[in-house]
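I set out to read this structure for the first time and to keep a record of what I looked up. The entries follow the order in which I made them.

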Amino acid sequence: MSEEQMYLYLEGLAKFQSTPMTEPKSYFQIAGIHGLPYTTWPNFSWNKDIPKVSGQSALGFCTHTSILFLTWHRPYLALFEATLYKHVNDIANGINAPSAEKAKYIAAAKDFRMPYWDWARKDVPIFPREALNNENSTNGPPSSASIHAKYNPLFQAPFQSSVPPGIARGYPTTVRYPRERDPQTTLNTVLARFYKEPGKFINATLIPERNLTERVAYILLAYQRYGSMSNNVFRSANNDDKTNRAGTWGSVEDIHNAVHGLTGGGGHMSDPQVAAFDPIFWLHHTNIDRLFSIWQALHEDDKKEETYVTKQTSYDGSYTVRAGDDESIDTPLYPFRDTVTSWYTSKSVKRTETFGYTYPETAGLQYPTSGPAKDALVKTIGDYYTPLPNMIRQSRKGNKNAGIELIPQAQLLKEITNKKVTANTSEMMTLVSKMPDTQTLIQNSVGPSKPFIRDLAPDNKYLEWLVNLKAEKHALDGTFTVHIFLGPVEEENVYLWPASPNHVGTFATFGQSQDTGCGKCQQDQRDHTQVTGQIPLTLALVERYLAGILPDLGEDSVVPYLTQNLHWRVATGDGNIVDNRSNVDHLTVFVVSNEVTVPENEAQLPIYAPDVKIYPEITTNMNGGGRGEGTG
């Protein structure tokens, strides 16, 4: 995005946020489609043809934990983008500047599209730095259309005086991490220190929750079926969700939930009823749509019905779908119309080009994608997310930078182990501030005894290690998270768990409290809807291999290590530790491995074995019984 577009984006977004909330295309009403205030949209007398299921107590268009999760959000994003585009162009047309300068802004506005924030890139943090604080540092010529905002519209969205209290929740703007007692110890603040004091810290490879990179790579490369890739509902009777089948348990929705929790910290972004009011929501969901598009280009095949929306029973129902009815490629995506008399469906939103946009990775592709175009896309995914097969190939070629992104964390783990220091964020920051740069670390590790990543794949194969999780979505009266650690949990601040050295990844359900007005969510609660998630452990284990803690990725080494060191902890959305994990209904945690064959070149997809192997002994007590309180 150019400097001109960034200026127009922030000015246009602030103008959008100030639109009177009574207008259908106001920021308030468009954000409200996602959840609260649970009214129809647009709320006019003529708009009466959305079929309400009788007996449903509240209106909610929510499609989470549904086969329609990804496709429903596509026209929703298109609506937001089209409205924002108008405001961006209003700002450009109102600029008071010499004609040549004004022409640059008008051209920039014409080419403007909704930006995305790829939190999975190994060089991008869980917060975009543009949204870390309330400072608006962009400069541009004055515009008669500007509201002259003195705040950063990516950091917060102001609430107008008549916003219902259930949305504002006592705050004048959207908030993140509102319940943190010490504002200097939020994840947001820790990340800010990496940016504000770049000389003190190493690079982005030590930014919290880097496991998102590995999770996205695994979903994009290993998952072959749309149903399991797209949404997180646990369907015990569905053959697609057999426990020992590869390419299940994880999903794009599962990863999406984790990002909501990590960015919201108990604020608006953490609650599906009000998440869309936080401006970071739109950057996040644009990236979700982008990942959806990339997966389509990698795996969609018209000859394979399972590579797109298939008919599935609605376990929960909604305002427009009765529980027990089917949802399919032809189900209307209410409340979005493609004509005055018809609705968008998953069939009609299959291509982003329908809405006049595409993404850099998928621009110009023909579907199904094949040949050089698909080879280029696979290579691009490898460049962005560097899965282990890419590191192994690089190491075989003698590339000294193979696995470079893992070396700082490996060094940190080595120092924590050797110096026997507490594995918390404070100690980590101290150690990091004293570490040399990455290239020096590489140079110091060069020698005949150096552990080489290429040695992890004897016979061109290695084991991918994964933690599978399942829980009741709306347990604990709302949103909760399960955190996976390799090593002791020694960070006391729940909000800093993702930044602590032994933390691997976060599973979030994105649930709601019992008093939710969302009809679908009320039905979810009555039916005790369960959802699944998946946290890859492989790169965390490779870091321990590079640190000299683990000799290889084989069963004989990894199983006893995980039995001793795998831990999981539960926290509520407001930052409290759940001491008794049995309070989380249907919480299940188990470890599997999936054999992977490393392809010969970077343009080929890795080959994943069709089944996984389950290791119940890892998640049981030493006496052979199930892990209880104080274990795991």
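**Entry 1: the chain as a whole**

I began with contacts (heavy atoms within 4.5 Å): of those in the chain with a separation of 6 or more, 75% are between residues 24 or more positions apart. I note that this is a predicted model, in which local features need pLDDT of at least 70 and side-chain atom pairs count only at pLDDT 80 or more, while totals for chains, interfaces and linings use all residues. Residues are numbered from 1 along each chain as its sequence is written, and side-chain values use heavy atoms, with hydrogens and water left out.

I next looked up burial, where buried means under 20% relative accessible area, exposed over 50%, and partly exposed in between (1.4 Å probe, protein chains only). Of the 632 residues in the chain, 61% are buried. The accessible surface of the chain is about 24,600 Å², computed by the Shrake-Rupley method with a 1.4 Å probe, and for residues only the protein chains shown count as cover. Carbon and sulfur atoms hold 49% of that surface.

For secondary structure I found 18 helices and 12 strands. These are DSSP runs numbered from the N terminus: helices are H or I with at least four residues, strands are E with at least two.

**Entry 2: the nonpolar cores**

I then turned to the nonpolar cores, each a set of buried Ala, Val, Leu, Ile, Met, Phe, Trp, Tyr and Cys residues joined through side-chain atoms within 4.5 Å. Which residues of the largest core touch the most other members? Among its 161 residues, they are Leu8, Tyr9, Trp119, Trp282, Trp465, Leu541 and Leu562. Helix H3 (residues 69-93) contributes the most to this core, with 12 residues. A second, separate core has 11 residues, including Leu431, Val432, Met435 and Ile442.

I followed Trp282 further. Apart from neighbours within four places in sequence, Trp282 is in contact with Tyr27, Ile30, Ala31, Tyr76, Leu77, Phe80, Met114 and Ala276.

**Entry 3: the annotated spans**

I consulted the UniProt record, whose positions are given in the numbering used here, with shortened feature names and annotations that may be inferred rather than shown by experiment. Its unreviewed entry lists residues 64-81 and 278-289 under "domain: Tyrosinase copper-binding". In the model, residues 64-81 are 72% helix and 0% strand, with end C-alpha atoms 21 Å apart. Residues 278-289 are 83% helix and 0% strand, and their end C-alpha atoms lie 18 Å apart.

**Entry 4: arginine 215**

Is Arg215 buried or exposed? I found Arg215 in helix H7 (residues 211-222), and it counts as buried because its relative accessible area is 2%. A polar atom of the Arg215 side chain lies 2.8 Å from the backbone oxygen of Thr506. Not counting residues up to four places away in sequence, Arg215 touches Glu209, Asp254, Ile255, Ala258, Thr506, Gln534, Ile535 and Pro536.

**Entry 5: helix H11**

I checked the span of helix H11 (residues 371-385), whose 15 residues reach 22 Å from first C-alpha to last, close to the 21 Å expected at 1.5 Å a residue. The expected span is 1.5 Å times one less than the number of residues. Within H11, Leu377, Val378, Ile381, Gly382, Tyr384 and Tyr385 are buried. Their cover includes H7, helix H10 (280-299) and helix H12 (388-396). Thr386 follows H11 and has a positive phi, near 40°.

**Entry 6: backbone exceptions**

I kept in mind that most residues other than glycine have a negative phi, and most peptide bonds are trans. The bond from Leu36 to Pro37 is cis, with omega near 10°, and Pro37 sits in the loop between helix H2 (27-32) and H3. Another cis bond joins Tyr367 and Pro368, with omega about -5°; Pro368 is in the loop between strand S4 (343-345) and H11.

Asn460 has a positive phi, near 65°, and lies in the loop between helix H15 (438-445) and strand S5 (461-472). Asn460 is classed as partly exposed because its relative accessible area is 24%. His586 has a positive phi near 65°, in the loop between strand S9 (566-572) and strand S10 (588-597). His586 is also partly exposed, with a relative accessible area of 43%.

Note on methods: Polar contact = N/O pair within 3.5 Å; in protein donor to acceptor, adjacent residues only side chain to side chain.
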